[in-house]
Amino acid sequence: MKPLLAAEIVDANEAQIETDVVANVDPEISQTEEIAPLVLSQASDQDTQLEQEQDEEDSWRVYLDLYSFLVPTTYSTTTINGNTSSAEQSLSDVLSSLDGVLTFKAQVEYGRFGFMAGVNHGSQSGSGSKSFFKETTNPLRNQLGLPSALRQRTIRVDGDLDVDADVNQTIVDLAFRYRAGAIQKPRMKKGSSSFLGLLGARVIDANLNTSWSVRNETTVSVEGRRISRENTRELEKSSSESWGNTWVQPLIGAFGTYAISEDWQAFAYLDAGGFGLSGEQDLSGTAQAGIAYALGNSAQISLSYKYFGLDYAGGGGNAYSVDQSGVNLGLRWLFD
């Protein structure tokens, strides 16, 4: 048997080492080759999702809201030339005297920035009449404490009062908006939220016209007998008053949405305007909270409780205020 040379021994050892290394490396390479496509696929999917989200952010969206504000009782106070009158109108009274109404809100958004325009218009007209009478006996004697020997004198006043009123109020909100959080959609991922900040102006146009007329007849009788016609007076008086003003308030607001589930959302809205900048007293505000339900991917309905208040005094003895609170029914469409 031929003895192995040192060089041959070294070559044999190197060959064995290479074989062992290749045997150990091949499974790792094989495993890496199997995992690599999966990792690349996941990375590609993530990149695609990010690209889709970015494309969705960098696109236009339009929101249209129609709503109906059902107020059980509307409280208002009007002061014209120093004369103040207050009124409480039930919902049925408002509906029966309503001439026109328009309530909607439109918003456009690109990326996180957008613009909002809202209109709330209502006009009412009403009239009423009332008959009255007043009867008093010996008013002069009763007031001055004269002797009872004076003859019994009775004065009776019969009259009719007619009142006509026309009220017209239009509120226009214009504001720039910025969104933080998820895009607002009828359907959102559970647990996601969105917040809007608003900054703009509120334009208010309010007009009130009232007119009244009164007719009365005063009859004087002594000892139960009507005296001569010369002492019976017929009077007719009438008057009318009107007030109108258009003013602009600075406006700030916020709107937040939280997805309870994919189809259900909770939301809240707050705004405030005026801050005394357009009159002696000038303030308005809205507070609203409710829930919304998705009708497909592009529409949703909402139910909320809402409060709106307006208080204005422009000087010169003229002022106007209104307080309303009740159920608000809404319908929203998304166009993207």
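Strands here are DSSP runs of E of at least two residues, numbered from the N terminus. Leu70 is found in strand β1, residues 60–70. Before I go on, this is a predicted model: local features need pLDDT of at least 70, side-chain atom pairs count only at pLDDT 80 or more, and totals for chains, interfaces and linings use all residues. Residues are numbered from 1 along each chain as its sequence is written, and side-chain values use heavy atoms, with hydrogens and water left out.

Which strands each supply at least two residues of the patch? They are β11 (281–294), β12 (299–315) and β13 (318–335).

Next, the aromatic rings. Rings of Phe, Tyr and Trp (its six-membered ring) pair if their centres lie within 6.5 Å; planes under 30 degrees apart are stacked, over 60 edge-to-face, the rest tilted. The count comes to 7 aromatic pairs. Phe115 and Phe176 have ring centres 5.4 Å apart and planes at 70°, so they are edge-to-face. Phe115 lies in β5 (residues 113–137) and Phe176 in β6 (residues 153–181), so this pair ties together parts 61 residues apart in sequence. Phe115 is partly exposed at 31% relative accessibility, while Phe176 is exposed at 61%.

For Trp264 and Tyr293, the centres are 4.8 Å apart and the planes at 50°, so that pair is tilted. Trp264 sits in strand β10 (residues 264–273) and Tyr293 in β11, 29 residues apart. Trp264 is partly exposed at 40%, and Tyr293 is partly exposed at 31%.

Phe255, Phe267 and Tyr269 form one aromatic cluster. The charged end of Lys105 sits over the ring of Tyr269, 4.7 Å from its centre. The rule is NZ of Lys or CZ of Arg within 6 Å of the ring centre and within 35 degrees of the ring normal. Likewise, Lys306 lies over the face of Phe69, at 4.8 Å from the ring centre.

Terms used: Helix = DSSP H or I, 4+ residues; strand = E, 2+ residues; numbered from the N terminus. Buried < 20%, exposed > 50% of the residue type's maximum accessible area, 1.4 Å probe, protein only.
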